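Subject: Handover of a structure for your review

Dear colleague,

Please find below the structure that I am passing on to you.

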Amino acid sequence: MSSAVTVAKVVRPHPRTAAGALLRRLLRDRRATVGLAVLVLAVLSAVFAPLLAPYDPQFQSDALFQAPSVRHWLGTDDLGRDLLSRILFGSRISLFVGITTVGLAALLGVVLGILSGYYGGWVDMLVMRYIDLQWAFPNFIIAVALVAVFGTGLENVIVAVTLAFLDDFARITRGMVLALREEDFVAAARAVGAGDRRIMLRHILPNAGSPIIVQATVSISYAILAEAGLSFLGLGVKPTTPTWGLILNDARPFFQSAWWLGIFPGLAIMLVVLSINFVGDGLRDLLDVKEYQGLHG
Amino acid sequence: MGRESPRTPGLLAAREGILVQEYLVRRILFALLVMWAVATLVFLMMRAIPGDPVRALVGFEGDPAVVEQVRRNLGLDRPLPVQYVRWLAALARGDLGNSIWNRQPVRTLLLEALPRTLSLAMFSFLIAVSLALPAGIVSAVRRYSLADHALTVAAFLGLAMPDFWVGIVLIIVFSVFFQVLPAFGYEPVSRGLWAWLSHLILPAVATGTSFAAILARMTRSALLEVLREDYVRTARAKGLEERAVILQHALRNALIPVITVMGIALALLLAGAVIAENVFAIRGVGRLLIEAILNRDYPIVQGTILVIAAIFVCMNLVVDLLYAVINPRIRYV
């Protein structure tokens with residue numbers, strides 16, 4: 001009995017200390033540190049956008065098409081709205097969509113992957129066929145097709161992007177579970193009478209965590225890009241909401257005269273995605289994750 | 001030893017040739033299965049859309065008799081399984097139905113749009129490969145040099161920039177400021193090579209940026225891995241020039257994972273083309289799809305999704321086969 005308990009302790013350190021240790025090690029990576037700093041700034045400015053934004057993002061002044069100046073740091077658009085304020089408020093939607101969709105996709109995908117890898121049989125066959133099918137197509141195209149069915153709007157975009165990114169998590173988790181299922185500590189847990197659910201949640205899942213965390217980080221940046229792309233195509237949130245993709249879409253007729261409308265919202269997207277990728281790369285090195293391979297890969 | 005030489009001796013090759021054919025048949029069957037599954041999904045999804053397509057067509061104040069007539073004409077009064085079988089039969093004949101808005105056959109619209117999308121995807125593939133392969137090789141061979149660092153930063157940026165934004169920046173720089181390249185539209189090759197190329201350059205670069213970034217990183221890490229192998233040391237030891245070692249011995253093996261990524265990335269390119277076509281107002285498959293979604297022109301949505309799916313399935317097939325060709329060790333038994 002004691003051996004099973006020890007093993008459980010070894011593989012599952014206290015979550016808070018584990019996260020703290022991970023963060024400390026991550027901060028030794030210069031690129032990841034820069035990425036993390038930019039991300040924290042981005043999240044803070046999204047949360048405090050109403051306090052930080054110099055103007056109401058919907059306020060239409062007489063100052064149309066103002067180039068960047070002291071009064072309007074990033075200029076104004078065709079309706080005299082302040083671009084900086086719109087980008088600040090836009091970050092709320094972009095980050096919110098990126099984080100919620102990947103959170104949901106990870107949750108559902110991990111559940112599917114665990115069930116499929118642990119139980120095998122027809123559950124596994126069904127899940128695998130679904131994963132194979134979706135694997136054949138890029139996530140963005142799947143999201144576009146789903147929006148075509150569900151319609152546009154924030155909720156539908158979230159559902160579409162979630163479903164489009166789900167298969168990645170299911171595949172990775174399934175692979176991990178298949179590798180871990182045969183490990184001694186699982187056999188030990190079963191021998192001391194742990195049930196399926198306990199084994200899946202307490203013993204297998206924590207050990208499958210690293211690749212899932214890395215995938216989640218990467219997916220967030222792709223989800224942000226997907227939302228921006230959908231909004232840019234007019235398939236995203238409602239036209240009045242400021243989001244980065246939509247600001248760029250609105251600006252399309254005016255690139256010839258007002259370059260700042262085309263440049264700054266894209267820079268914002270790039271900066272956030274870049275810093276997430278920096279963090280993701282750092283995590284990948286740190287957790288020693290090789291893509292799509294189990295513990296023994 | 002067959003392992004080192006790129007070609008396998010005759011008898012083995014003949015035996016493996018049969019295996020390749022078997023593998024080919026299996027892959028094609030699987031591809032057909034995927035297409036059938038996609039077709040079925042598209043059929044079901046289009047019928048699950050909230051709202052009545054006939055009402056959308058006739059208008060909500062339409063005469064009930066007319067509505068019924070249209071419904072009968074479209075075959076929408078039949079039970080679902082009957083509709084499904086008829087739809088599959090039409091598909092097999094290449095009949096994708098007609099646009100709701102302008103009544104044109106979807107097949108005609110797609111045949112018009114496809115060459116544009118394919119030229120765009122292919123051209124951006126060429127640009128990306130011709131930039132990314134040398135970049136990856138330089139990065140690997142001169143690891144940690146200034147060039148390697150610069151290329152790494154470039155790759156990170158390439159991955160982080162949304163395709164459509166790259167397009168916008170290119171338009172602002174090359175069409176607005178320097179006025180050297182057209183910002184919008186597409187010209188067929190029949191109008192002259194330069195007219196065709198000049199309209200494709202900017203969209204192709206925009207489409208290929210993220211692909212080039214992935215490809216360069218993949219090439220770098222694959223080559224670095226291979227350069228540690230014994231046969232590379234052997235090649236060096238027997239006095240081969242470094243150039244020959246890299247290009248003839250290392251690169252060939254390094255290309256195997258790279259080609260897998262190329263398949264995925266080709267799919268990425270087509271997805272990118274969907275966006276680039278909308279930035280650069282090229283009437284390709286992607287623009288057709290987005291316009292149809294915004295107009296709720298479901299027959300076109302169905303048709304374009306199916307065609308895009310078919311392209312992906314074909315490309316996955318090609319990559320699988322290339323994989324077998326480039327690496328004689330892999331014969332998919």
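In which hand, left or right, does α13(A) pass α7(B)? The crossing is left-handed. Please bear in mind throughout that this is a predicted model.

The pair of helices

The wider contact between the chains

Chain A brings 30 residues to the contact between the chains, and chain B brings 35 residues. Three helices of chain A, namely α7 (139–150), α11 (209–232) and α13, each provide at least two residues of the side that touches chain B. Of these, α13(A) gives the largest share of that side, with 9 residues. The side of chain A that touches chain B holds 24 nonpolar residues and 6 polar ones, and no charged residues.

Chain A as a whole

Chain A has 13 helices and 0 strands. Its C-alpha atoms occupy a box of roughly 75 × 45 × 25 Å along the principal axes. Chain A has 297 residues, of which 47% count as buried. When contacts in chain A between residues at least 6 apart in sequence are considered, 72% of them join residues at least 24 apart.

Confidence in the model

For chain A, the mean pLDDT is 85, and 92% of the residues reach 70 or more. Two stretches call for caution. Over residues 1–10 of chain A the pLDDT stays under 50, and the model has 9 contacts beyond four places in sequence for this stretch. Residues 291–297 of chain A also have a pLDDT below 50, with 10 contacts in the model beyond near neighbours in sequence. Where pLDDT is low, predicted coordinates should not be read in detail.

With kind regards

Key:
Residues numbered from 1 in each chain as written. Chains lettered and ligands numbered in written order. Predicted model: local features only at pLDDT ≥ 70, side-chain atom pairs only at ≥ 80, totals over all residues. pLDDT = per-residue confidence, 0-100. Contact = placed C-beta atoms within 7 Å. Left-handed = near helix turned anticlockwise from the far one by under 90°. Helix = DSSP H or I, 4+ residues; strand = E, 2+ residues; numbered from the N terminus. Buried ≥ 20, exposed ≤ 12 C-beta atoms within 10 Å, placed from the backbone. Nonpolar A, V, L, I, M, F, W, Y, C, P; charged D, E, K, R; others polar.
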